[in-house]
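Trainee: Before I rely on any of the labels attached to this structure, could we go through them one at a time and set each value against its definition?

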Amino acid sequence: MEFLEQLQAYRPWNEQEERDRASMLAFAARNPDCLLRENLAGHFTASVWVVNPRRTKTLMVYHSLYQSWSWIGGHADGEADLAAVALRELGEETGVTGGRLVSLRPCSLEQLFVAGHEKRGQYVPCHLHLNLTWLVEAEEGTPLRPCPGENTGVRWLTPAQVREQVREPWMLARVYEKLMGRYLTGT
């Protein structure tokens, strides 16, 4: 299913998702290049919230740019199948290739502010990531490896460890708590 159809069909869980969904649909209508990072105001991205089959842990990476444990995801770069983008990013950032999409529909959406930063020696201005997230199950025993240049670690974390180790307060409060509450036991 194409990302716009998924976004239109998505049923928000809370006010944040409801307002972000409306904003994302309006952005896509005004910006035919919304799948390209060359749109410096913002662009669509895809993430995965990876859980073990018992739903007691989530797989996170230590993100080099944010210096914090983070979910997994990346840019659409012109690809309208954001579920495929999310799974590609899972493999690239963690080495996990056997993850299973729980649903073909996104499990969360969020509009995220990205502060200006340097990437590969070039300045990237402040912009928005219009993000759709997919729920993926993966086995804890799957071999893991970091992605040089993107992250320096990959680990399974319990909800308590996520709360202790994530250094981005807004992401923890607005995104990770939402996802942990929905998809992890013992939160």
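Mentor: What follows takes the labels in turn, beginning with the origin of the model. This is a predicted model, in which local features need pLDDT of at least 70 and side-chain atom pairs count only at pLDDT 80 or more, while totals for chains, interfaces and linings use all residues. Residues are numbered from 1 along each chain as its sequence is written, and side-chain values use heavy atoms, with hydrogens and water left out.

Trainee: Why is Glu137 called buried?

Mentor: Buried means under 20% relative accessible area, exposed means over 50%, and partly exposed is in between, with a 1.4 Å probe and protein chains only. Glu137 has 17% relative accessibility, so Glu137 counts as buried.

Trainee: What makes Arg55 and Glu137 a salt bridge?

Mentor: The term requires a side-chain nitrogen of Lys or Arg within 4 Å of a carboxyl oxygen of Asp or Glu. In this pair the closest N and O atoms are 3.2 Å apart, and the pair is a salt bridge. Arg55 lies in the loop between strand S1 (42–51) and S2, whereas Glu137 lies in strand S9 (residues 127–137), so the pair ties together parts that are 82 residues apart in sequence. Strands here are DSSP runs of E with at least two residues, and helices are runs of H or I with at least four, both numbered from the N terminus.

Trainee: What other salt bridge does Glu137 form?

Mentor: Glu137 also forms a salt bridge with Arg100, where the closest N and O atoms are 3.1 Å apart. This pair links distant parts of the chain, with Glu137 in strand S9 and Arg100 in strand S5 (residues 100–101), 37 residues apart. Arg100 has a relative accessible area of 43%, so Arg100 is partly exposed.

Trainee: Why does Lys119 count as partly exposed, and which residue does Lys119 form a salt bridge with?

Mentor: Lys119 has 27% relative accessibility and therefore counts as partly exposed. Its salt bridge is with Glu150, the closest N and O atoms being 3.8 Å apart. A search of the whole structure finds 12 salt bridges, and Glu17, Glu110, Lys178 and Arg182 are linked in a network of them.

Trainee: How do you know that S1 is mostly covered?

Mentor: In S1, 10 of its 10 residues are buried. Gly42, Phe44, Ala46, Val48 and Val50 point one way, and His43, Thr45, Ser47, Trp49 and Val51 point the other way, and all are buried. Strand S10 (residues 151–157) is also described as mostly covered, with 5 of its 7 residues buried.

Trainee: What makes S1 and S9 paired strands?

Mentor: Two strands pair if DSSP finds at least two bridges between them. S1 and S9 have 10 bridges and pair in the parallel sense, with Val51 opposite Glu137 in S9. S1 is also joined to strand S4 (residues 72–75) by 4 bridges, and these two run antiparallel. S1 and S2 are joined by 2 bridges and run antiparallel, with Val51 opposite Thr58 in S2. In turn, strand S2 (residues 58–63) pairs with S10 in the antiparallel sense over 6 bridges, and Thr58 stands opposite Leu157 in S10.

Trainee: What makes the Ser70 and Tyr176 side chains a polar contact?

Mentor: A polar contact is a pair of N or O atoms within 3.5 Å; within protein, one must be able to donate a hydrogen and the other to accept it, and residues adjacent in sequence count only if both atoms are side-chain atoms. The side chains of Ser70 and Tyr176 make such a contact at 3.5 Å. Ser70 has a relative accessible area of 4% and is therefore buried. The side chains of Gln111 and Ser23 also make a polar contact, at 2.9 Å, and Gln111, with a relative accessible area of 18%, is likewise buried.

Trainee: Which residues touch the most other members of the largest nonpolar core?

Mentor: A nonpolar core is a set of buried Ala, Val, Leu, Ile, Met, Phe, Trp, Tyr and Cys residues joined through side-chain atoms within 4.5 Å. The largest has 31 residues, of which Phe44, Val50, Leu59, Leu82, Leu90 and Trp134 touch the most other members. Helix H3 (82–94) is one of the elements that each supply at least two residues of this core, and H3 gives the most, with 5 residues.
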